[in-house]
Amino acid sequence: MVSTTLNANLVTRFRDLFTTRDFIFHDGRDLKRFSVAGRTQAILAGVAAITVTFSAYGVSQAAFGAIMATGVAGTAATPEARMEKMRAEMTRLEADVAAIKEAAKVQAARVEQRQKIIAGVLSGKGSPADVGMPIENVSVDADSAMAREVLAPLRQVEARQTQLAAKAHRTAQIRLHLTQQQLRKMGIQPERFVGGGMGGPYEAAPEGTAAAGEASADAQFRSLFQTWQKLDVLEQSVIAIPSLQPVENMRLTSSFGVRSDPFHGTAAMHAGIDIPGPVGTPIYATADGVTGRTGRFGGYGNLITIDHGKGIETRYGHLSKILVAPNTRVRRGQLIGLMGSTGRSTGSHLHYEVRVDGKALNPMPFMQNASVIEQVEQSAARLQLTAVGGN
């Protein structure tokens, strides 16, 4: 309030200095009267003051330049020296800007890569091989204030990503646990597909809260990526697990295990299951793989074997017709042959086996209404909903 009153008084006093004035001029013949308003006088006075001020500034700058050029001030400030100093400053500034630009480029690439990792884990799509190992944090050897200002938006995004990474890691752990659980139910050890460990010499994290936080975030994403790799390998391997029914209509005439032999009537081990049906009933591959034997083989009659990798094999016996050649890649659900009664058989049926490392396992746990991966996804979704509802 005091400042406003003081300013108003100064303006009033300034205006009082310039009142309307009348001027009379004689041009040799007539008298002429001119009137100059106070407002006009004030404007002209202001212009004159500004002109004088700039003139004084120019004179002072010229004097200072002359003094510096003669060396009176004790500093070598010749035009050449000043130009060289300016070049050095520009070189340093360019180096700082280049460092920050490169850091921003790497930081942006890291943000994009982390987003792909999170999306891949949460959606179950994509492959770790397409994303690559997480990019480490980059230090910037430039003016810290400038670097912080340029990188601030990316740092904010990374902070949000760190929170999402925790959620993604929990999701991956759930999927991994459920997949391993499903495999064990079928008599297959998950270690058959994934294994390995971690180690290396200990090295302390960089000092400082910011550096420690960045190191922690880097470690978090490395852990998430490694879990994703393990999960991807396991889920890709599960595709090769025979979980489909080999025929559309499933019923059994003989199950897996010890039974009475149909020809001798004595106890005998039955290494598979017998699925009856008319001659010519379509037979389908129960998982992706590569065909091995495709032809006549002892008591199996016409036999197809499919190698699914990791020591897993399926066998399809007593076929009336074989529709695939040996060493051919087949897909899950692909038509491979027709049912029959060739070999040691009492009637038209399919003898179906699942073997792991040459050992016959009961095929029934493998034949689910949905694939192992689909069951895992459904179970993971139910667990996540339960967890959310409990919070």
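How many bridges join strand S9 to S13, and in which direction do the two run? Strand S9 (residues 312-317) is joined to S13 by 6 bridges, and the two run antiparallel. The model is a predicted one, in which local features need pLDDT of at least 70 and side-chain atom pairs count only at pLDDT 80 or more, while totals for chains, interfaces and linings use all residues. Residues are numbered from 1 along each chain as its sequence is written, and side-chain values use heavy atoms, with hydrogens and water left out. Helices (H or I, at least four residues) and strands (E, at least two) are DSSP runs numbered from the N terminus, and two strands pair if DSSP finds at least two bridges between them.

- Strand S13 (residues 349-356) is largely enclosed by the rest of the structure, because 8 of its 8 residues are buried, where buried means under 20% relative accessible area, exposed over 50% and partly exposed in between, with a 1.4 Å probe and protein chains only.
- In a regular strand the side chains alternate between the two faces of the sheet.
- From S13, His 349, His 351, Glu 353 and Arg 355 point one way, whereas Leu 350, Tyr 352, Val 354 and Val 356 point the other way.
- Gly 317 has His 351 in S13 as its bridge partner, and strand S5 (residues 273-276) is joined to S13 by 4 bridges in an antiparallel arrangement, with Ile 273 partnered by Tyr 352.
- Strand S14 (residues 359-361) is antiparallel to S13 and joined to it by 3 bridges; the two form a hairpin with 2 residues between them, and Asp 357 in the turn has a positive phi of about 55°.

**The open sheet**

- An open sheet is formed by 3 strands in the order S6-S12-S10, with antiparallel pairing.
- Strand S6 (282-284) and strand S10 (321-322) stand at the edges with a single partner strand each, so one side of each is left without a neighbour in the sheet.
- S6 is joined to strand S12 (residues 335-338) by 3 bridges, and Ile 283 has Gly 337 as its bridge partner in S12.

**Thr 342, between S12 and S13**

- Thr 342 lies in the loop between S12 and S13 and counts as buried, at 16% relative accessibility.
- The side chain of Thr 342 reaches the backbone nitrogen of Asn 302 at 3.0 Å.

**Helix H3**

- The 45 residues of helix H3 (residues 79-123) should span 66 Å at 1.5 Å a residue, which agrees with the 65 Å between its end C-alpha atoms; the expected span is 1.5 Å times one less than the number of residues.
- Gly 124, whose positive phi is near 75°, follows H3.

How values were computed
A polar contact is a pair of N or O atoms within 3.5 Å; within protein, one must be able to donate a hydrogen and the other to accept it, and residues adjacent in sequence count only if both atoms are side-chain atoms.
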